Amino acid sequence: MSAASLACTDSASTASGAEEGSADAGSKADGAAAEGADALAEAGEPAPEAGAEAEAGAGADAGEVDAGAEAGAAEGGAGAAAGPTEPQAPEGYGEFVFADPKPEADALPLYGLAGYEVVGVYAKPDKESTKLGFLRVGTRMRVGEAVKTEDCASGWHLLESGGYACASRGLVVDERDPYMAYKPAKADVDAPFPYKWAYVRKWNSPMWWRAPTKEEYVETQERRAILESERTGEPLPGEEPAPSPGEGGGDGGAAAGGDGGGEAAAGDGGGEALPAPDGEEAPAPEPAPEPEPAPEPEPEEPPEPIKVPLSPSHPWLEKGYFLSLGEELKEDGRKYWRTARGGVVEKANAFPYEAKDFSGHAIVEGMSFPVGFVMVKNGTKLLEFGDDDKLHATGKTLEKRTFLNLGEEVEIAGRTYFTVLPIPEAPAEGDAPAQPEAAGDTGGEEEPALLVKADVIRRPDPQPIPDGLDPWDRWIDVDITKQMLVAYEGSKPVYVTLVSTGKKGTDEEPFETPTGRYRIYSKQITSNMDGATATDGNYAIQDVPWVMYFEGSYALHGAFWHRSFGYVRSHGCVNLGPSDARWLFNWTTPFLPEGWYGVRTSDDNVGSTVVIRRSPKPE
């Protein structure tokens, strides 16, 4: 998962994704002769680093506010409610633009299949043209006739979605739907979790590219025992532990006593001769007859080594790795998972993992700043202002991370409170995640004024639109100090949530998320992330969901392995609840073309702006 590397490593688009065996994934390839690694390179995807991270303390070091989000908004700023004169985005805003128009149905006589894990999509039938994105293994779509060139002998094919893919680099083409030995797991793009995951529970768990036979399984376990012996220092079953120095024995050492090994040990042919009678010379002993040489054994043919179908890139998995799951398999009475990337792992070694989620809240019509989240450990009481002009408990406790639509700030008996307003009903259209229950939703009935203590609420600060953006442009503000993210359309906030950015780390291994102004340059439905750190050890997570790279290996992405949102935690990326990450993925530009798994930005397809800053810490 590289030097800027302690951020988030995408090995989905590097070799780690090819753990699943043959490059064509079992398909009948029509001229798909290039290596899988070439296909990954053709996709032009980053080779970065990610985050299965250990929890760190709350907050982030205070710093100067980043100059990336400079003033440029009209008066009224981010808190202003939508008005009738609100600027509208031009038609087709965010939709992917192709150099060549999308083909008509009658121009697509052939059937295409992504036979490599990653099949690159280009603007033109030319390897040197702009790389637009990629297809995932198993993707099927109609394609046009071959355009053969020097850099693609089997021919470039215009895709139904737009763009070109090469049949020499993973695209399988036929006059009918191409055959595939197994059906790769398909990402569920309508859910927060595109896949289910399993957690590797045993060290040196083998991964195969197909289910092993009985003999292959036994051979694999013997190899695993050797690896475990090397890891733990324990002897193999049936082996004696190595003797400690001074225990005696061992090659070349003289015995301290006991049987065998001494220079004058008793036994045939050894020791001093007995004395002869007086006056007689002792007869010379007769030499012993030389033994007949033993017949040399006939050489035996060594047994043919068993070829074990281990994954070429990840044959042995460490404890703690996450695998994305596809189908279940059974072979010789044993049960296996086929991973979403085609690898095969015994179910006894990888247990299903219950993915975690969190979602912020859309800022819908009728809402404006201030809004916020309850951020105290045991929650806080929702209060009401009674007819006696005193505060009373309502009996309702607001749990930590409860979203609140806030009204005016008031002071009562020397303490500051916010009024709590009802949450307007979200519009029926749109793709916002299901909203968590929020305080203050009274269903339209007349209720006493509700209040909450101001010092238990974490509120985002309205930010001006960055210079150079149009009034309708979509952009993201991340405040490291408050661990909050706000999505804006121009000067209008449309979504707010909690995040986990990079923890401090060490001088040798800093993990902090870099501040600055960036643009999203690559979006992927999922991406493998792995790496090695001195402080946290090795980690690997298959198919981290809803990934949006904005700088090198740094990305906004879903994190299904924790719920620590609102506190620093990651190796540098901006962790989001998977529901939030999916919302942002579908909202940010450019939008993903139908059937694609990843997209790259360009001058014609500009990525949304991301501003990462540190607000001053409150005194």
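## Nonpolar cores

The largest nonpolar core holds 67 residues, and L556 and L584 have the most contacts inside it. A nonpolar core here is a set of buried Ala, Val, Leu, Ile, Met, Phe, Trp, Tyr and Cys residues joined through side-chain atoms within 4.5 Å. Buried means under 20% relative accessible area, exposed over 50%, and partly exposed in between, with a 1.4 Å probe and protein chains only. Strand β29 (residues 537-551) gives the largest share of this core, seven residues. Strands are DSSP runs of E, at least two residues long, numbered from the N terminus.

Leaving aside neighbours within four places in sequence, L584 is in contact (heavy atoms within 4.5 Å) with I476, L485, A487, M548 and L576.

## Basis of the model

This is a predicted model: local features need pLDDT of at least 70, side-chain atom pairs count only at pLDDT 80 or more, and totals for chains, interfaces and linings use all residues. Residues are numbered from 1 along each chain as its sequence is written, and side-chain values use heavy atoms, with hydrogens and water left out.

## A three-stranded sheet

Three strands form an open sheet in the order β4-β1-β8, with antiparallel pairing. Two strands pair if DSSP finds at least two bridges between them. β4 (140-143) and β8 (171-174) each have a single partner strand and stand at the edges, so one side of each has no neighbour in the sheet.

Strand β1 (residues 110-114) pairs with β4 in the antiparallel sense over four bridges. G112 stands opposite M141 in β4.

## Aromatic pairs

Rings of Phe, Tyr and Trp (its six-membered ring) pair if their centres lie within 6.5 Å; planes under 30 degrees apart count as stacked, over 60 as edge-to-face and the rest as tilted. By this rule there are 24 aromatic pairs. W208 and Y336 form an edge-to-face pair, 5.7 Å centre to centre with 85° between the planes. W208 lies in strand β10 (residues 205-208) and Y336 in strand β13 (residues 334-339), 128 residues apart. Both W208 and Y336 are buried.

Y353 and F560 also form an edge-to-face pair, at 6.1 Å centre to centre and 65° between the planes. Y353 lies in strand β15 (residues 350-353) and F560 in the loop between β30 (554-558) and β31 (574-576), so the pair ties together parts 207 residues apart in sequence. Y353 is partly exposed, with a relative accessible area of 22%, whereas F560 is buried, at 0%.
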